[in-house]
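Hi,

Here is the structure I promised to pass on. Have a look at it first, and then read my notes below with the 3D view open.

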Amino acid sequence: MILKGKKGIIFGALNEKSIAWKAAQAAVREGAQIVLTNTAMALRFGTIDALAKECEAPVIVADATSVADLEALVDGAMEHFGGKFDFVLHSVGMSPNIRKNIPYEKINYDFMSKTFDISAISFHKLLRVLYEKDALNAEGSVLALTYIAADRAVSGYSDMADAKALLQSVTRNFGTIYGRYNGVRVNTISQSPTMTSAGEGIAGMDKMFEYADKLSPLGNADAEDCADYIVTLFSDYTRKVTMQNLYHDGGFSSMVCTPEIL
Ligand SMILES: NC(=O)c1ccc[n+]([C@@H]2O[C@H](COP(=O)([O-])OP(=O)(O)OC[C@H]3O[C@@H](n4cnc5c(N)ncnc54)[C@H](O)[C@@H]3O)[C@@H](O)[C@H]2O)c1
């Protein structure tokens, strides 16, 4: 029970494939109390109510791009918990360009702005609201999910690659401020390709998934593996880890080639 007595908010559980869904289950298994959040649309089309019941967690609707929604969410969580809390998982991403199969070289810039707002700037907004409301206990932990396409070219990942690069930069820059303020850690986990609604929306995901699985000495990390890693980063065992992009990918990021794929 490495999260006994800890409290936090989990963004992004849409359905049982979601990384955030598994993270919510793992956090509760480890003794945490949680608040769940997602957009009104996700609540309508997803199955978060079942997770809320299982985790005995309230669901507070928030669009991560809206500062007003984030303020209401953080106020609601503090009211629910009776004060400050310890961790937040930002498991949020969406690209209208990818949704509409628009190739990178022909990108729609209004959609690109939307991609950045949802997938990266929302993390800055979230950190700012948490910081201004002084909502996190000392040595708390804030995590976002990213992908190796932020660091190396991966065809098909389009403007999400640029959004993830921005997300990782926000992590470093806000991590400096929050760490000095009260020891709050801010990190990203760079996860293997994972079969979720967001993952399956990427063109060529099936082949990419297989390729990564073969190249990685440990094979791809799935959503449950990711959830187990997430709870370690919310725990007191990782108090000095901050401003890092942490690969959780079975070794993929350190490989170039292997007989399995030659
Ligand atoms: N699936 C993969 O292969 C993979 C790999 C590496 C990183 N990631 C990242 O993991 C995170 C979670 O994705 P997932 O794979 O679990 O897919 P998912 O589709 O289950 O989760 C994405 C979530 O983002 C939410 N979201 C979208 N727009 C939002 C907004 N405006 N406000 C609040 N929430 C919003 C969706 O409702 C959904 O719950 C994302 O950041 C994704 O980029 C996924």
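Before anything else, one cut-off: a residue counts as buried if 20 or more other C-beta atoms lie within 10 Å of its own. Please also keep in mind that this is a predicted model.

**The helix at residues 19–29**

After α1 comes G31, which has a positive phi, near 100°.

What does α1 pack against at an angle of about 50°? The partner is helix α10 (residues 223–234), and the two axes are 8 Å apart. The two helices are therefore oblique to each other, and α1 passes α10 in a right-handed crossing. On the α1 side, the contact is made by I19, K22, A23, Q25, A26 and A27. On the α10 side you'll find A223, E224, C226, A227, D228, I230, V231 and F234. Sorted by class, the residues of this contact come out as 10 nonpolar, one polar and three charged.

Next, colour the strands. There are seven of them in an open sheet, in the order β3-β2-β1-β4-β5-β6-β7, with parallel pairing. β3 (59–61) and β7 (245–248) stand at the edges with a single partner strand each, so one side of each has no neighbour in the sheet. On average, neighbouring strands are turned by 20° against each other, direction ignored.

Let's walk through a few of the pairs. Strand β1 (residues 7–11) pairs with strand β2 (residues 33–38) over five bridges, in the parallel sense. Helix α4 (residues 67–81) lies across β1, β2, β3 and β4, and runs at about 155° to β2.

Now move along to strand β5 (residues 136–146). Is this strand largely enclosed or left open? Eight of its 11 residues are buried, so β5 is largely enclosed by the rest of the structure. Strand β4 (residues 85–90) is joined to β5 by five bridges and runs parallel to it. Six bridges join β5 to strand β6 (residues 185–191), again in parallel.

L136 has 25 other C-beta atoms within 10 Å, so it is buried. Its contacts, leaving aside neighbours within four places in sequence, are K84, F85, D86, L130 and V184. L136 and M78 are 58 residues apart in sequence, but their C-alpha atoms are 9.5 Å apart in space.

**Another helix pair**

Now try helix α6 (residues 109–132) and helix α7 (residues 158–182). Their axes come within 8 Å and cross at roughly 15°, so these two helices are roughly parallel to each other. The crossing is right-handed. From α6, the residues that meet α7 include F116, F123 and L127, and those on the α7 side include M160, L166 and F174. This contact has 13 nonpolar, three polar and one charged residues.

**One last residue**

Finally, look at A212 in helix α9 (residues 205–215). Which residues does A212 touch, not counting those up to four places away in sequence? They are S192, P193, N220 and F252. A212 has 22 C-beta neighbours inside 10 Å, so it counts as buried. A212 and S253 are 41 residues apart in sequence, with their C-alpha atoms 9.5 Å apart in space.

Cheers

Definitions and conventions:
Residues are numbered from 1 along each chain as its sequence is written. This is a predicted model: local features need pLDDT of at least 70, side-chain atom pairs count only at pLDDT 80 or more; totals for chains, interfaces and linings use all residues. Helices (H or I, at least four residues) and strands (E, at least two) are DSSP runs, numbered from the N terminus. Axes are lines fitted to C-alpha atoms, for helices over the stretch in contact, and angles run from 0 to 180 degrees between N-to-C directions. Angles under 35 degrees count as roughly parallel, over 145 as roughly antiparallel, 65 to 115 as roughly perpendicular and the rest as oblique. A crossing is left-handed if the near helix is turned anticlockwise from the far one by less than a right angle, and right-handed if clockwise. Two residues are in contact if their C-beta atoms, placed from the backbone, lie within 7 Å. Ala, Val, Leu, Ile, Met, Phe, Trp, Tyr, Cys and Pro count as nonpolar, Asp, Glu, Lys and Arg as charged, and the others, Gly among them, as polar. A residue is buried if 20 or more other C-beta atoms lie within 10 Å of its own, exposed if 12 or fewer, and partly exposed in between; C-beta atoms are placed from the backbone. Two strands pair if DSSP finds at least two bridges between them.
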